[in-house]
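Please take a moment to look over the sequence and the three-dimensional view before reading on. The paragraphs below are meant to be read with both at hand.

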Amino acid sequence: TLDNSKYLAIALTNFSILIFDIEKEVFINEILAHNRIINALEELKNVNEESFLLSSSNDGTIRIWRYLNTRILMKSLVFINKAPISLLSLNSTRILK
């Protein structure tokens, strides 16, 4: 879930991520995220409490998606690897500094 459980992010086998508003029970957005299967999704916040979504994939990338008011505002390529990335592990605070 994203943004204190108001939103739900789901990775699909077509390499995209769907965002739902679970309070209103509606579909919000589809992100064309990767070129291969997405293996992990994680939410984190920065010190200003802005929400971000991290995704990792068999395409060898980790991406950060800035998420605000149901819109994807930014996509950053964080890491490129020749091999698939199957796991993401964050610190216990889940805060990006």
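What follows is a walk through the strands, and then through some of the side chains.

This is a predicted model, in which local features need pLDDT of at least 70 and side-chain atom pairs count only at pLDDT 80 or more, while totals for chains, interfaces and linings use all residues. Residues are numbered from 1 along each chain as its sequence is written, and side-chain values use heavy atoms, with hydrogens and water left out.

We begin with an open sheet of 3 strands, whose order is 1-2-3 and whose pairing is antiparallel. Strands here are DSSP runs of E with at least two residues, numbered from the N terminus, and two of them pair if DSSP finds at least two bridges between them. Strand 1 (7-11) and strand 3 (26-32) are the edge strands, since each pairs on one side only. From one strand to the next, the twist averages 20°, where axes are lines fitted to C-alpha atoms and angles run from 0 to 180 degrees between N-to-C directions. Strand 2 (residues 16-21) and strand 3 run antiparallel and are joined by 6 bridges, and within strand 3 it is Leu-32 that stands opposite Ser-16.

A search of the whole structure for aromatic pairs finds 1. In this pair, the ring centres of Phe-20 and Phe-27 are 5.7 Å apart and the planes are at 70°, so the arrangement is edge-to-face; rings of Phe, Tyr and Trp (its six-membered ring) pair if their centres lie within 6.5 Å, and planes under 30 degrees apart count as stacked, over 60 as edge-to-face and the rest as tilted. Phe-20 is partly exposed, with a relative accessible area of 24%, and Phe-27 also counts as partly exposed, at 46% (buried means under 20%, exposed over 50%, and partly exposed in between, with a 1.4 Å probe and protein chains only).

His-34 lies in the loop between strand 3 and strand 4 and, at 7% relative accessibility, counts as buried. Although His-34 and Ser-16 are 18 residues apart in sequence, they are 6.6 Å apart in space, C-alpha to C-alpha.

Terms used: Helix = DSSP H or I, 4+ residues; strand = E, 2+ residues; numbered from the N terminus.
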